[in-house]
Amino acid sequence: MTNTLLPAARDILAKLIAFDTTSRNSNLDLIAWVEDYLAGHGVTSTRVVNADASKANLYASVGPDVEAGIILSGHSDVVPVDGQDWLSDPWTVTERNGLLHGRGSCDMKGFIALALAAVPLFKNGAKPVHLALSYDEEVGCLGAPAMIEDMAAKLPKPALAIIGEPTMMKVINGHKGIAVHEVEVLGHEAHSSLTHLGLSANMVAVELMHDLAELARNLWENADPSSPFIPPHATLTIGRMQGGTAPNILARRAHFVFDLRCPPDVDPEVVLAPFKAKVAALDGEMRRAFPEAGVTITRRSNAPPMAPTGSQEAADFVRSLTGDNGPSGVVSYAAEAGQFQQAGFATVICGPGSIEQAHQPNEYLAVEQFERGADFMVRLAQALA
């Protein structure tokens with residue numbers, strides 16, 4: 001049965017990767033293709049769109065309308081290929097030395113392709129499989145919450161959710177959360193020789209970024225040695241910064257974006273409280289000097305962690321399908337699993353490929369992992385029969 005599923009999955013993977021669903025783009029063409037594919041198998045799907053209808057989540061139930069089904073979830077968006085040195089077209093699946101190269105092959109269109117290829121098997125089950133495709137996972141897990149809320153309200157209660165992030169088909173029951181913030185600094189322009197007549201947004205931004213660097217160092221120095229995460233502590237990095245117009249002008253504007261990734265037992269708001277107090281104090285000082293000046297901090301996303309609690313039965317079930325006899329693990333990346341868990345679903349992460357290949361030039365999914373993923377789908381169908 002696996003040999004029958006694999007050719008279909010390879011064909012679907014090629015079609016999915018051909019859609020450039022980089023997070024800055026719409027994913028509607030991919031969603032429309034999946035809708036048509038499911039309709040061809042007699043499966044009705046539901047869109048959950050964003051505010052301007054430029055992107056959409058999609059979920060569909062395959063099989064009977066009963067409880068105790070299984071959610072298979074993956075995100076449709078991918079990270080950019082800009083500036084990366086690819087040896088082949090990133091939007092075409094290219095096999096080299098047993099590796100399937102293409103943007104999203106590993107993260108995570110490979111898993112989605114396998115789940116879609118298994119739809120004919122799932123249709124005959126005694127319990128349903130609920131397919132869930134999200135948008136904007138790569139930019140802070142922004143799309144999934146609306147879909148998860150709709151699913152929780154409308155579906156017969158599923159037994160568990162499997163998020164198919166790349167884990168080498170190992171069972172994961174914990175991940176860090178992620179909070180992304182943007183800091184905007186407005187100064188007052190003047191000639192750079194007359195610093196007393198202006199206020200450089202860049203200089204303020206540098207001071208604040210230094211504070212964040214010190215905060216990151218403190219998190220590292222005070223890591224819990226018993227933590228299962230690698231690295232064990234909450235991490236903070238500044239991913240983007242921009243400011244100024246010329247070297248001889250006091251910068252009018254500067255901004256930077258940082259992300260904070262916390263284990264389940266660390267509250268990001270507590271971590272950032274001193275920094276936010278500093279921002280508020282600086283904002284007041286700057287406005288008193290120049291009314292148009294100031295500094296603001298805006299949270300762009302806040303995806304919760306997944307805690308390794310309440311998922312033992314789900315983990316045992318998934319291990320029975322993968323043949324993974326080891327203990328459940330945790331991962332340091334953020335995922336939508338915490339959002340499913342927060343909505344009351346027993347949740348685990350398990351999917352083909354390694355996170356080490358994700359986001360890289362020449363991203364790949366090993367054929368061996370693709371085959372293991374196909375075996376998993378076949379066994380899932382058998383378990384639900």
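Two strands pair if DSSP finds at least two bridges between them. Keep that cut-off at hand for these exercises on a predicted model.

**Exercise 1. Which strands does β9 pair with, and over how many bridges?**

Step 1. Start with β12. Nine bridges join β9, residues 177-186, to this strand. The cut-off is at least two. β9 and β12 therefore count as paired, and they run antiparallel.

Step 2. Turn to β11. Here β9 has 10 bridges, again in the antiparallel sense.

Step 3. Pick out single partners. E184 stands opposite T296 in β12. H181 stands opposite R299 in β12 as well. On the β11 side, A179 has L260 as its bridge partner.

**Exercise 2. In what order do the four strands of the open sheet stand, and which are the edge strands?**

Step 1. Recall how a sheet is held. Strands pair through backbone hydrogen bonds, either parallel or antiparallel.

Step 2. Read the order: β10-β11-β9-β12, with antiparallel pairing.

Step 3. Look for strands that pair on one side only. These are β10 (235-243) and β12 (294-303).

Step 4. From one strand to the next it averages 15 degrees.

**Exercise 3. Is β9 largely enclosed or left open, and which helices lie across it?**

Step 1. Count the buried residues. A residue is buried under 20% relative accessible area. Eight of the 10 residues of β9 are buried, so the strand is largely enclosed by the rest of the structure.

Step 2. Find the helices. Helix α6, residues 201-221, lies across β9, β10, β11 and β12. Helix α7, residues 268-289, also lies across β9, β10, β11 and β12.

Step 3. α6 runs at about 10 degrees to β11, residues 253-262. α7 runs at about 155 degrees to β12.

**Exercise 4. Describe the open sheet of three strands, and say which helices lie across its strands.**

Step 1. The order is β4-β5-β15, and the pairing is antiparallel.

Step 2. β4 and β15 (364-366) each have a single partner strand, so one side of each is left without a neighbour in the sheet. The twist averages 30 degrees from one strand to the next.

Step 3. Check one pair. β4 and β5 share three bridges in the antiparallel sense. T94 has H101 in β5 as its bridge partner.

Step 4. Place the helices. α3 lies across β5 and β15, at about 55 degrees to β15. α10 lies across β4, β5 and β15, at about 65 degrees to β15.

**Exercise 5. How do α3 and α10 pack, and which residues meet?**

Step 1. Know what to report. Two packed helices are described by the angle between their axes and the distance between the axes.

Step 2. α3 (residues 105-117) and α10 (residues 367-384) pack at about 40 degrees, with axes 9 Å apart. The crossing is right-handed.

Step 3. Name the residues. From α3 come G110, F111, L114 and A115. From α10 come F370, G373, A374 and M377.

Step 4. Sort them by type. Six are nonpolar, two are polar and none is charged.

**Exercise 6. What span does α3 have, and how many of its residues are buried?**

Step 1. Work from the ideal. A straight helix of 13 residues would span 18 Å at 1.5 Å a residue.

Step 2. Compare. α3 spans only 15 Å between its end C-alpha atoms.

Step 3. Look at burial. 13 of the 13 residues of α3 are buried, so the helix is largely enclosed by the rest of the structure.

Step 4. Note the backbone. The peptide bond from D107 to M108 is cis, with omega near -10 degrees. M108 is in helix α3.

**Exercise 7. Where do other backbone exceptions sit?**

Step 1. State the rule. Most residues other than glycine have a negative phi, and most peptide bonds are trans.

Step 2. Find a cis bond. One joins I230 and P231, with omega about -5 degrees. P231 lies in the loop between α6 and β10.

Step 3. Find positive phi values. A68 has a phi of about 70 degrees, and N97 one of about 55 degrees. Neither residue is a glycine.

Step 4. A68 is in the loop between β2 (56-62) and β3 (70-75). N97 is in the loop between β4 (94-96) and β5 (99-101).

Step 5. Judge exposure. Exposed means over 50%. N97, at 79% relative accessibility, is therefore exposed. A68, at 29%, counts as partly exposed.

Technical notes:
Residues numbered from 1 in each chain as written. Predicted model: local features only at pLDDT ≥ 70, side-chain atom pairs only at ≥ 80, totals over all residues. Heavy atoms only, no water. Helix = DSSP H or I, 4+ residues; strand = E, 2+ residues; numbered from the N terminus. Axes fitted to C-alpha atoms, helices over the stretch in contact; angles between N-to-C directions. Contact = heavy atoms within 4.5 Å. Buried < 20%, exposed > 50% of the residue type's maximum accessible area, 1.4 Å probe, protein only. Left-handed = near helix turned anticlockwise from the far one by under 90°. Nonpolar A, V, L, I, M, F, W, Y, C, P; charged D, E, K, R; others polar. Expected span 1.5 Å × (residues − 1).
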